[in-house]
Amino acid sequence: MKRILLAGMCALLFGALPSFAQFGQRAIPTPTDGLKDAYKDYFLIGASVNNRNVTEAEQMALIKREFNSITAENAMKPQPTEPRKGEFNWEDADRIANFCRQNGIKMRGHTLMWHSQIGTWMYQDENGKLLSKEEFYANMKHHIDAVVNRYKDVVYAWDVVNEAVADSPVRPGQSELRNSPMFQIAGEEFIYKAFEYAHAADPKALLFYNDYNDAEPAKSQRIYNLVKRMKDAGVPVDGIGMQGHYNIYGPEMSDVDAAITLYSQVVKHIHITELDIRVNQDMGGGLRFNQGAAQTADWERTLQQDQYVNLFKVLRKHKDVVDCVTFWNVSDRDSWLGANNYPLLFDTDYRPKQSYLAVKGFDPKLDNAVIKEDFVPSELNQPGQQYPMVNSQGYARFKVIAPKAQSVIVSLGLGGSGGTVLHKAEDGSWMGTTAGPMDEGFHYYHLTVDGGVLNDPGTNNYYGSTRWESGIEIPAHDADFYAMKNVPHGKVQQVLFWSESTNQNRAAWVYTPPQYDKNKKKYPVLYLQHGWGENEYAWWNQGHANLIMDNLIAEGKIEPFIIVMTYGMTNEGFRPGAMPAAPARPAAAPGAPGAPGAPGARPGAAPGARPAQQARPAGGMGMMLNNGFETVLCDELIPYIDANFRTIAKKNSRAMAGLSMGGMETHSITLARPEVFGWYGLLSGGTYNPDEVKDTGVKGIFIGCGSKEGPDQIRNAAKALQDAGYNAMGYVSEGTAHEFLTWRRCLYQMAPMLFK
């Protein structure tokens with residue numbers, strides 16, 4: 001039963017997070033629909049395939065789910081189809097074409113004329129001498145007629161001529177076209193003839209000129225010039241194929257946008273024909289390329305995801321002319337670039353990557369969003385620093401000075417992957433704005449500069465993900481409840497207490513209400529726990545717990561109480577080289593120190609109380625929940641607080657609550673020590689059910705979370721507790737996820753409920 005409850009808490013804790021990298025990359029579930037469905041209102045989504053792709057069941061299923069256009073990777077090129085004049089090899093091409101016929105998938109033909117992967121018989125004789133123009137044209141027509149006619153029932157578009165434009169730089173007096181054997185025989189005219197022959201063989205097919213480095217300004221102009229001359233000469237060219245062999249550093253999407261705009265002036269159809277984005281600086285269709293490193297770093301994956309996302313945003317912008325986007329291969333396992341270059345949206349096991357989700361899960365509203373230029377410095381910036389900035393819509397803008405860097409990423413969230421990729425300005429600075437509005441409230445972030453992790457010098461630091469992180473605050477519409485106001489303020493003070501079980505002094509921060517020093521009254525106490533990766537600073541620093549209390553007290557909405565915040569010892573669980581968990585202290589024998597009724601007894605302990613839970617073996621979630629904190633809290637910190645502050649040292653005047661992993665600690669400890677706490681609170685940290693609290697004598701239970709992290713679990717659990725007669729409250733923070741505004745709001749809702 002407890003394993004089921006733990007699983008449920010973990011689901012609430014992590015289920016709403018798209019990527020929770022501090023706990024490792026999570027596997028993405030197998031999609032139920034595909035890219036073709038996501039882009040049905042934009043353009044066809046294709047992939048190049050080999051014979052294995054269309055004969056193995058798992059890959060066939062993936063292709064049918066994701067794609068509605070297919071290109072034969074190699075099987076329809078000149079040399080594979082006709083290695084020697086008049087000797088055709090149709091087996092591989094037929095297999096792929098039949099797969100498309102059987103499954104109703106459209107097919108692009110690739111390619112009829114190319115200087116590479118072509119039988120030399122096409123343009124030279126047995127002695128290696130170039131053929132005459134007439135002989136060459138006869139060979140070319142014979143080949144094009146045979147291939148196009150064989151597949152005209154299934155192929156809707158052909159890459160007729162491939163890579164005939166010269167690469168940059170083109171020096172003065174040099175031709176704009178590649179000096180291939182075909183060009184040497186017939187000049188530019190051979191391109192015109194190829195299109196004429198293809199059109200004659202299938203007048204219905206769309207005919208494309210196809211090339212790489214298609215967004216490089218100088219080469220894109222040469223491609224445009226060629227196609228413009230063809231159109232002016234009446235050549236039946238319908239479109240331009242932009243291969244799209246890009247990398248994580250380039251091209252700039254402004255260049256892709258400009259190239260499509262340029263090409264659309266001369267053709268009505270543009271296809272991205274061979275898309276892949278490798279994680280190095282190579283680009284284009286050259287067969288010599290960097291083989292890549294064995295491991296792809298998180299920051300490289302982020303750069304790739306950003307490049308894919310921004311590319312598809314440009315392509316959606318041009319949906320009036322962009323008809324089809326084809327990935328060059330199905331997965332990294334198949335890629336001509338090799339798996340180490342990590343170039344596609346599916347990995348070597350055909351599993352979708354995070355980039356896949358980002359490309360597929362686009363928000364059309366953001367494509368045309370107008371960002372208001374009313375940015376102001378974040379309230380968490382260091383004195384005099386302008387960046388980061390936020391605007392009235394919730395966008396954040398960053399600026400970093402790193403003139404010799406190759407990449408700068410703002411990684412948002414608790415150490416998570418993904419983020420905002422900054423781009424280099426002319427002055428050497430790096431700037432960028434979030435792709436969309438951020439949730440209101442506080443967010444951790446750090447910079448990743450060429451793979452190195454560091455903090456933003458423009459902002460203050462906050463402890464999260466087991467390190468000091470930068471912080472940014474997106475102003476919330478309801479920020480008044482935690483605002484600094486002209487009201488009486490309580491104190492937040494650090495105390496040091498000796499922990500016998502861990503053999504060290506430990507720290508806690510104690511909030512005492514404004515009235516505390518002016519009277520002799522005793523107060524109830526809330527023990528309030530932080531989440532994983534954080535420490536005892538979190539609740540009063542990031543969470544503004546003291547300001548929330550001050551404002552509630554000033555408004556007369558609560559009876560004042562003390563809050564104690566200490567380190568919950570959760571971080572060692574997943575930290576490399578972590579020490580084994582300290583065992584929980586066993587129950588003391590009657591009459592012994594710490595036993596009920598004896599000196600040093602647990603506060604509020606009564607005869608027959610449950611013994612402390614024994615620690616499970618160290619490691620993973622078990623280590624985080626059974627790390628000795630129960631002993632530190634219940635047997636060491638609480639006695640210290642009761643001895644040094646004016647507390648009501650009774651169960652019903654003592655509460656425990658926690659956010660995230662602190663909520664899971666709360667769940668575990670309150671059920672293990674029902675004699676200690678009378679009030680329970682779980683903030684994005686799971687739920688209670690009636691069966692597990694029936695013998696605890698609990699006075700009240702609060703459970704809450706953000707609306708973006710599985711709120712139905714909270715609503716259902718609260719109703720079940722209420723139906724069973726318990727004083728329970730469920731709360732959902734609208735518009736927030738696993739973040740501090742959720743927990744600030746939860747504390748604001750929970751505080752008036754306690755100790756009534």
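This dialogue walks through several features of the predicted model shown above.

Visitor: What should I keep in mind about the numbering and the model before I start reading?

Guide: Residues are numbered from 1 along each chain as its sequence is written, and side-chain values use heavy atoms, with hydrogens and water left out. This is a predicted model, in which local features need pLDDT of at least 70 and side-chain atom pairs count only at pLDDT 80 or more, whereas totals for chains, interfaces and linings use all residues.

Visitor: How many helices and strands does the protein have?

Guide: Helices (H or I, at least four residues) and strands (E, at least two) are DSSP runs, numbered from the N terminus. In this protein the secondary structure comes to 21 helices and 27 strands.

Visitor: What share of the residues is buried?

Guide: A residue is buried under 20% relative accessible area, exposed over 50%, and partly exposed in between, with a 1.4 Å probe and protein chains only. Of the 756 residues in the protein, 57% are buried. Contact means heavy atoms within 4.5 Å, and among the contacts with a separation of 6 or more, 74% are between residues 24 or more positions apart.

Visitor: How do I read a sheet, and in what order do the eight strands of the open sheet stand?

Guide: Strands of a sheet pair through backbone hydrogen bonds, either parallel or antiparallel. Two strands count as paired if DSSP finds at least two bridges between them. Here the order of the open sheet is S20-S21-S23-S22-S24-S25-S26-S27, with mixed pairing. Strand S20 (491–499) and strand S27 (728–733) stand at the edges with a single partner strand each, so one side of each is left without a neighbour in the sheet. From one strand to the next, the twist averages 20°, where axes are lines fitted to C-alpha atoms, for helices over the stretch in contact, and angles run from 0 to 180 degrees between N-to-C directions.

Visitor: In which sense do strand S26 and S27 pair?

Guide: Strand S26 (residues 700–706) pairs with S27 in the parallel sense, over six bridges; Ile701, for instance, has Ala728 in S27 as its bridge partner.

Visitor: Which strands does helix H15 lie across, and how many of its residues are buried?

Guide: Helix H15 (residues 545–554) lies across S20, strand S21 (504–512), strand S22 (525–529) and strand S23 (562–566), and runs at about 30° to S21. Nine of the 10 residues of H15 are buried, so the helix is largely enclosed by the rest of the structure. Among the buried residues are Leu547, Met549 and Asp550, and the elements that the buried residues of H15 pack against include helix H14 (538–541) and helix H21 (740–750). Just after H15, Gly556 takes a positive phi of about 70°. Another helix, H18 (residues 661–672), lies across S22, strand S24 (654–659) and strand S25 (679–683), running at about 145° to S24.

Visitor: Which peptide bonds are cis?

Guide: One of them is the bond from Ser168 to Pro169, with omega near 0°, and another joins Gly250 and Pro251, with omega about 5°. Pro169 lies in the loop between S4 and H7 and, at 55% relative accessibility, counts as exposed. Pro251 lies in the loop between strand S7 (245–247) and helix H10 (253–263).

Visitor: Are Tyr342 and Tyr350 buried or exposed?

Guide: Tyr342 counts as buried at 15% relative accessibility, and Tyr350 is buried with a relative accessible area of 7%. Neither is a glycine, yet phi is positive in each, near 50° in Tyr342 and about 65° in Tyr350.
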